[in-house]
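Me: I am new to this structure and would like a close look at a single part of it. Please take your time over the answer.

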Amino acid sequence: MKYGILIKEGPYNHQAADSAWKFIEAAKARGHEIIAVFFYNDGVINVTNKADPPQDDRNLQQIWSDLGKEGTEIWVCIAAAKRRGIDESTLSEHCVITGLGTLTDVALRADRMLTFGD
Amino acid sequence: MAEETEEIVKKFMHVMRRAPHGSIYTYEGLEMILIMAAFEQDITVVFVDDGVYSLVKKQETDGIGIKGFANTYRALDGYDVEKLYVDKTSMEERGLTEDDFIVDVEVKTSEEIGKLMQEQDVIVPH
């Protein structure tokens, strides 16, 4: 199954990003494909390169960047990002700023679109 | 948009669940609806729980310093987004009637909305 993932909440404040990550790990372990992760609303804060969480905590921003490095498309909505101070200079590596048309495209290519949010 | 998806049309349902102000979910949700409509997808919008408030006429947002956007619902028709459904229980629990809304909607029972959800390819909650 090809999954598209939409994340609508910021990291740490809410469990949505953690749940999405756990789902992605489990889905991949079962042979499913994650075609893209798209960040919207406060979810865009998942892809800032300015985050520096405590050493003994998980680093969600790093997790998304690493997933992008492995080849999964990591997209962030430009309008939502601009409102929240995410631009090319603050964007994590292997993540791409795009428009909501890309989310539409992901939904069209995926067998299932899953939303993680409040 | 990628070439291979140009011809595909899927059924998208957007579920508006929150009051129009107090959080950004409804506003950014509406932005998403407009973009997906521009990509000529088959869009349904349902209003449940406090989401029914976002359709109420004569909203005054000057006092909270936030731009009102209720009029944007009137523009949906121009994007061929005509399937606007309001959950009957949510509407009645809040003392509202169809006459209170800024656009024409169809009032449906929770069961009917549940059935519509089953027919969708993609459901996005806001």
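Which residues does A:I5 touch, not counting residues up to four places away in sequence?

Reply: This is a predicted model, in which local features need pLDDT of at least 70 and side-chain atom pairs count only at pLDDT 80 or more, while totals for chains, interfaces and linings use all residues. Residues are numbered from 1 along each chain as its sequence is written, and chains are lettered from A and ligands numbered from 1 in the order in which they are written.

With residues up to four places away in sequence left out, A:I5 touches A:A20, A:I24, A:I34, A:V37, A:F38, A:L114 and A:F116, where contact means C-beta atoms, placed from the backbone, within 7 Å. A:I5 and A:F38 touch the most other members of the largest nonpolar core, which has 65 residues; such a core is a set of buried Ala, Val, Leu, Ile, Met, Phe, Trp, Tyr and Cys residues joined through C-beta atoms within 7 Å, buried meaning that 20 or more other C-beta atoms lie within 10 Å of a residue's own.

As for the surroundings, strand β1 (residues 2-7) of chain A pairs in the parallel sense with strand β2 (residues 33-39) of chain A over 6 bridges, strands being DSSP runs (E, at least two residues) and helices likewise (H or I, at least four), numbered from the N terminus, and pairing requiring at least two DSSP bridges. Helix α1 (residues 16-29) of chain A packs on the sheet, touching β1, β2 and β5 of chain A, and its direction makes about 170° with that of β1(A), the angle running from 0 to 180 degrees between N-to-C directions of axes fitted to C-alpha atoms, for helices over the stretch in contact. The sheet is open, with 5 strands of chain A in the order β4-β3-β2-β1-β5 and parallel pairing, and its edge strands are β4 (96-98) and β5 (112-116) of chain A. Helix α4(A), in turn, lies across β1, β2, β3 (73-77), β4 and β5 of chain A and runs at about 155° to β2(A).

Conventions: A residue is buried if 20 or more other C-beta atoms lie within 10 Å of its own, exposed if 12 or fewer, and partly exposed in between; C-beta atoms are placed from the backbone. Two residues are in contact if their C-beta atoms, placed from the backbone, lie within 7 Å.
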